[in-house]
Amino acid sequence: MDARSPSQLRRREMAAVTSGAGRCRLSKVGAGRRPPPARVRVAVRLRPFVDGTAGADDTPCVRGLDSCSLEIANWRNHQETLKYQFDAFYGERSSQQDIYAGSVQPILRHLLEGQNASVLAYGPTGAGKTHTMLGSPEQPGVIPRALMDLLQLTREEGAEGRPWALSVTMSYLEIYQEKVLDLLDPASGDLVIREDCRGNILIPGLTHKPITSFADFERHFLPASRNRTVGATRLNQRSSRSHAVLLVKVDQRERLAPFRQREGKLYLIDLAGSEDNRRTGNKGLRLKESGAINTSLFVLGKVVDALHQGLPRVPYRDSKLTRLLQDSLGGSAHSILIANIGPERCFYQDTLSALNFAARSKEVINRPFTNESLQLLLAPVKLSQKELGPSEAKKARGPEEEKTGNPESPAPPASASQKFSPLQKLSSMDPAVLQRLLSLDRLLGSQGTQGTPLLSTPRRERMVLMKIVEEKDLEIERLKMEQKELEAQVLAQKAVDSTEGENCSPPMLLPLARRRVTVAKPLQKAVVMPLQLIQEQAASPNPDIHILKKNRKRKREDLDASEPQEKAEDCWELQLSSGLLAHGRQKILQLLNEGSARDLRSLQRIGEKKAQLIVGCRELHGPFSQVEDLERVKVMSGRQLASFLKANILGLAAAGQLGGPS
Ligand code: ADP
Ligand code: MG
């Protein structure tokens, strides 16, 4: 039964993954990587004979072999037994604590990692499902124990000073005759099950009660259970025909940037009795229920078979239960199925089919992943009322949320015409774009860039940043204006100088004398001058003024004349004193030999790649003896070197870092 070909296994895995609810989740962590598989764990619990169930001969038809396996009589051959192996087998004497600690407790921690988990009790009516899940005040079952531990865990993990704030909510529903009924609000009628754009299964309108203590849980759970019990007495056996689903959601919000959010869902399910009612000869309502035995249970079997066989289509949508469990079977949850069986011979056929179902479920593969998202709204970070204060909390609520009032409402689809803006709601962006932005944001964060990662910056901080940018822009504008004024003053000063020394000035400078005369401070630094003054400057006897020549026109002339371009490139050197040039080269050389890759990137024409190349060459060949070595070690070509030198020396001169002539 277990010998399967690798291709069959692969197909089954594929089906498990592609049909899983989380297949297009944008927010899953490591979206590029395939989450590791986690097989559905299966445990079998054999209950003891209970009052009234033991027959005349009370020898059991099934018995345990060890902590993982059991055997059951083979009805085809009385000489033989059928052996089954599971993840765990709990015999008649096992306690509630054994089952809880052995099979359920270990998966609870996944909820705090933002992963989903589910526990399903399966088996024929009277086999002990409700006893296992709920138990009694003396022998509490999985539900009270799990809630107790989970609430304790969340209290510890979400305590003040810990990185995450945690909150827990509970919902309790029943699926009866393909109707989803809210046990916390029985008046709400049949609810629909939906899937949002990220593959999350939702029940819009389902009550979610926040709980912080076990007393809170009991306060909601006990009356809701009574709702179910009232139905059971009235509808005769209703409880064994319906599925009771307790949903516990653990929401986590990171207290500091990048304000990640995680959500883990725990389903605790007491399934309807799995006995075949057609065989038991039910009539009336029971017969109607068993038209397909119980549609949900029947489809559950088909879903498990489809996943087990690796079929391309898994019929999750054929029933309410399987739709709800879409991410628990072949999906994203850590799942444990507890198959409950009784020892009585009269239950033999139902026990056998329950064991076969359990054996098939064992082959189902899930791929749990962390359901984590960054704060998707560039709108305010959602902080709790307590953390924010009442007025702030109202402001912090997004407009969408205020409108729908339902945190489970699926996000509206992105409008194609929506323009990208820094204030855009990220959740409505193209997922591919969003993924890139988020990874860029993470990259910036990890490289310790000076800038604040915008995507995870809360709105208030962002507004401040944008204001600063605006102010800086104004400042730049103001400085540009000042620079223009200074240039004008220089021109005027030059005009005065030229009128004074008319004898040695070329006639072309004469018109400038007509300009407004302003006394400029003596220039110590290099300045950018208009072309018509450069030739005059070349003849100027004033050695303190160093000219940075714009030779665009000259270049064009050279090109027209088909002269080698290098000639034009070299012109700038002629315009700087040799002392200044040497000083510039020395500065650049020093940076090349001592600067880090980051320092090197501050040089003109040096990008990240070149900076790393330079550092690499330095480590390999030792320090550069001259700037021209860059060409020798093939970091740049001769032409690139020329423009590199030009740009940097002129830049240094303009920034006044070369000082006066040496
Ligand atoms: P189900 O929910 O599968 O229909 P129940 O949980 O109601 O079955 O169990 C039927 C009866 O068997 C109940 O009286 C329950 O107390 C008893 N029972 C079930 N399992 C055990 C067990 N492991 N130990 C003792 N009594 C049990
Ligand atoms: Mg029951």
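This is a predicted model: local features need pLDDT of at least 70, side-chain atom pairs count only at pLDDT 80 or more; totals for chains, interfaces and linings use all residues.
Residues are numbered from 1 along each chain as its sequence is written, chains are lettered from A and ligands numbered from 1 in the order in which they are written, and side-chain values use heavy atoms, with hydrogens and water left out.

Helices (H or I, at least four residues) and strands (E, at least two) are DSSP runs, numbered from the N terminus.

An oxygen atom of ligand 1 is 2.7 Å from a polar backbone atom of histidine 131, and an oxygen atom of the ligand is 2.8 Å from a polar backbone atom of lysine 129. On the side of arginine 45, a nitrogen atom of ligand 1 is 3.5 Å from an N or O atom in the side chain. Taken alone, ligand 1 exposes 550 Å², of which the protein buries 68%; such areas come from the Shrake-Rupley method with a 1.4 Å probe, and for residues only the protein chains shown count as cover.

Attention now turns to strand S7 (residues 116-122), in which 7 of 7 residues are buried. Buried means under 20% relative accessible area, exposed over 50%, and partly exposed in between (1.4 Å probe, protein chains only). In a regular strand the side chains alternate between the two faces of the sheet. Both faces of S7 are covered, with Asn116, Ser118, Leu120 and Tyr122 buried on one side and Ala117, Val119 and Ala121 buried on the other.

Two strands pair if DSSP finds at least two bridges between them. Strand S7 runs parallel to S15, joined by 7 bridges, and leucine 120 stands opposite leucine 337 in S15. Strand S7 also runs parallel to strand S14 (residues 261-270), joined by 5 bridges, and valine 119 has leucine 268 of S14 as its bridge partner.

Strand S15 (residues 333-341) also contains histidine 334. Because its relative accessible area is 13%, histidine 334 counts as buried. Its side chain makes a polar contact with the side chain of histidine 110 (3.5 Å); within protein, such a contact is a pair of N or O atoms within 3.5 Å, one able to donate a hydrogen and the other to accept it, and residues adjacent in sequence count only if both atoms are side-chain atoms.

Some loops show particular backbone geometry. Proline 258 lies in the loop between strand S13 (243-254) and S14, and the peptide bond from alanine 257 to proline 258 is cis, with omega near 10°. Lysine 634, in the loop between helix H22 (629-632) and helix H23 (638-654), has a positive phi of about 65° although it is not a glycine.

Finally, a search of the whole structure finds 0 disulfides, a disulfide being a pair of cysteine sulfur atoms within 2.5 Å. Cysteine 617 is buried, with a relative accessible area of 10%.
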